[in-house]
Amino acid sequence: MKKKSLPSLMVALLLPLIVIAAESDFEGRWRLDIERSSALDGWSAMDLLITINGSEVEIGHDMRWRRTTRIVERNVVDTAAPTQIENFFRIEQRHMGVYPSRNSLAAAQASWIDEGRTLRTEVDVSVEVSQGDSRMRIYSEYRVGEGGETLTLIELHSTRNNPLVYRFRKLANDDNSRP
């Protein structure tokens, strides 16, 4: 009986360390690979900036349109509890011309899946459309590739039939360039 409990104890002790190591692969600046990603008409370059502080994950968007316009926005999700996000930012909102409703809060849930290699988020956001306000549900997976050098973001929107797929490569820690 002791032989069976020792491996179980080892797994219980090591699993949190494995998850923490995988989560740390997420942190940093990620540069969009435009050729391998869904269309982002209206944007010419983009970085994701991901920071993890305990159960909170901050996803920053640093985006450029031509040489004149730069947008820096962020969403913070919590993997331990549902959150409300004011002015929830979506990557494709300028491309689609669909923006968050004024003074609305987006309900967000997040969790680590795939043994900590994927951050799953689900957000219910109110958006302004030509007919008034409407609800949009967005399911996203942020998947870090083997070796921690690539990130794939897959978004499924309740308003579209096809997913949006964005691929990123990780920038070196000392690379402070902006898109």
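Predicted model: local features only at pLDDT ≥ 70, side-chain atom pairs only at ≥ 80, totals over all residues.
Where is Pro100 found?

The average pLDDT of the protein is 84, and 84% of the residues score at least 70. Going element by element, helix H1, residues 2–26, has the lowest mean pLDDT, at 53, while E7 has the highest, at 96. Please be careful with residues 13–22, where the pLDDT is below 50. That stretch makes 5 contacts in the model beyond near neighbours in sequence.

Now the overall layout. There are 2 helices and 11 strands in the protein. Reading from the N terminus, the order of elements is α-β-β-β-β-β-α-β-β-β-β-β-β. Of the 179 residues in the protein, 39% are buried. Looking at contacts between residues at least 6 apart in sequence, 43% join residues at least 24 apart.

Let's go inside. In soluble globular proteins, nonpolar side chains tend to be buried together. Here, the largest nonpolar core has 35 residues, and Phe26, Leu151 and Phe168 have the most contacts inside it. Which elements each supply at least two residues of this core? They are strand E1 (28–32), strand E2 (45–53), E3, E7, E8, E9, E10 and strand E11 (164–170).

Setting aside residues up to four places away in sequence, Leu151 touches Phe26, Trp30, Leu48, Ile50, Tyr142, Arg143, Val144, Tyr166, Arg167 and Phe168. Next comes the empty space. Rolling a probe the size of a water molecule over the atoms shows where empty space is left. How many cavities of 30 Å³ or more does the count come to? The count is 1, and about 140 Å³ of space lies in the largest cavity. The lining of this cavity has 16 residues, and the closest to its centre are Asn75, Phe88, Ser140, Tyr142 and Glu155. Two or more lining residues come from each of strand E3 (56–65), strand E4 (69–78), strand E8 (118–129), strand E9 (132–144) and strand E10 (150–157). E9 gives the most, with 3 residues. By class, the lining has 8 nonpolar, 5 polar and 3 charged residues.

Back to the opening question. Pro100 is found in strand E6. Is Pro100 buried or exposed? Pro100 counts as buried, because its relative accessibility is 17%, and the cut-off for buried is under 20%. Leaving out neighbours within four places in sequence, Pro100 is in contact with Asn87, Phe88, Arg90, Gln93, Ser126, Val127 and Glu128. If you draw a line from Pro100 to Arg135, C-alpha to C-alpha, you get 9.6 Å, for two residues 35 apart in sequence.

Let me follow one of those contacts, Asn87. Asn87 lies in the loop between strand E5 (83–86) and helix H2 (93–96). At 45% relative accessibility, Asn87 counts as partly exposed. Its backbone deserves a look too. Most residues other than glycine have a negative phi, and most peptide bonds are trans. Phi of Asn87, however, is near 55°, a positive value in a residue other than glycine.

Asn103 also has a positive phi, near 55°. You'll find Asn103 in the loop between E6 and E7. Asn103 is exposed, with a relative accessible area of 79%.

Move along to Ser104, in the loop between strand E6 (99–100) and strand E7 (105–113). Ser104 counts as buried because its relative accessibility is 12%. Beyond residues up to four places away in sequence, Ser104 touches Ile85, Glu86, Asn87 and Ser126. Notice that Asn87 and Ser126 are contacts of Ser104 and also of Pro100.

My last stop is Gln109, in strand E7. Gln109 counts as partly exposed, at 46% relative accessibility. Not counting residues up to four places away in sequence, Gln109 touches Pro82, Arg120, Thr121 and Glu122. The C-alpha atoms of Gln109 and Ala81 are separated by 7.0 Å, and these two residues are 28 apart along the chain.

How values were computed:
Residues numbered from 1 in each chain as written. Heavy atoms only, no water. 1 Å grid on protein atoms, 1.4 Å probe; cavity = no way out; pocket = protein on both sides within 12 Å on 5 of 7 lines; lining within 4 Å. Points joined across faces, edges and corners; volume = space filled by probe spheres on them. Helix = DSSP H or I, 4+ residues; strand = E, 2+ residues; numbered from the N terminus. Nonpolar A, V, L, I, M, F, W, Y, C, P; charged D, E, K, R; others polar. Buried < 20%, exposed > 50% of the residue type's maximum accessible area, 1.4 Å probe, protein only. Contact = heavy atoms within 4.5 Å. pLDDT = per-residue confidence, 0-100. Core = buried A, V, L, I, M, F, W, Y, C linked by side-chain atoms within 4.5 Å.
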